[in-house]
Amino acid sequence: QVQLVESGGGLVQAGGSLRLSCAASGGTFSSSAMGWFRQVPGKEREFVAHISWNGGHTYYADSVKGRFTISRDNAKNTGYLQMDILKPEDTAVYYCATGRKVVVKEGYDYWGQGTQVTVSA
């Protein structure tokens, strides 16, 4: 069983940056792919970014490509999402996730509790 805890969310002005962290414990995070998702109240959860177990492959939603960067440090059992040039439409609760059979946007078994990101205009 993997436990994930996100941190780093907050309030930022448009054009600013935030770095989210996802601390993992209790499982095989370092040998599993991970992803970041986000959700706005009343809307479906949206895929944001994916990274392979060793960091060799990354994939981004078109809406964040060129602005967000996903990374990980397996020695620290931690994943990251660097968010630059933030826009008001990036406002959401952000979740990290991992799983044993992840295929980019699917296969995630374990989820964190989420961290709020609010971007003001």
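Modeller: Contact here means heavy atoms within 4.5 Å. This is a predicted model: local features need pLDDT of at least 70, side-chain atom pairs count only at pLDDT 80 or more, and totals for chains, interfaces and linings use all residues. Residues are numbered from 1 along each chain as its sequence is written, and side-chain values use heavy atoms, without hydrogens and water.

Biologist: Which residues does Tyr94 touch, not counting those up to four places away in sequence?

Modeller: Tyr94 touches Glu6, Leu20, Phe37, Arg38, Val48, Phe68, Leu81, Met83, Gly114, Thr115 and Val117.

Biologist: Why is Thr58 called partly exposed?

Modeller: Buried means under 20% relative accessible area, exposed over 50%, and partly exposed in between (1.4 Å probe, protein chains only). Thr58 has 41% relative accessibility, so Thr58 counts as partly exposed. Leaving aside neighbours within four places in sequence, Thr58 contacts His50, Ile51 and Ile70.

Biologist: Why is the disulfide of Cys22 and Cys96 called right-handed?

Modeller: The torsion about the S-S bond of Cys22 and Cys96 is about 65°, so this disulfide is right-handed.

Biologist: How many disulfides does a search of the whole structure find?

Modeller: The search finds one.

Notes
A disulfide is a pair of cysteine sulfur atoms within 2.5 Å.
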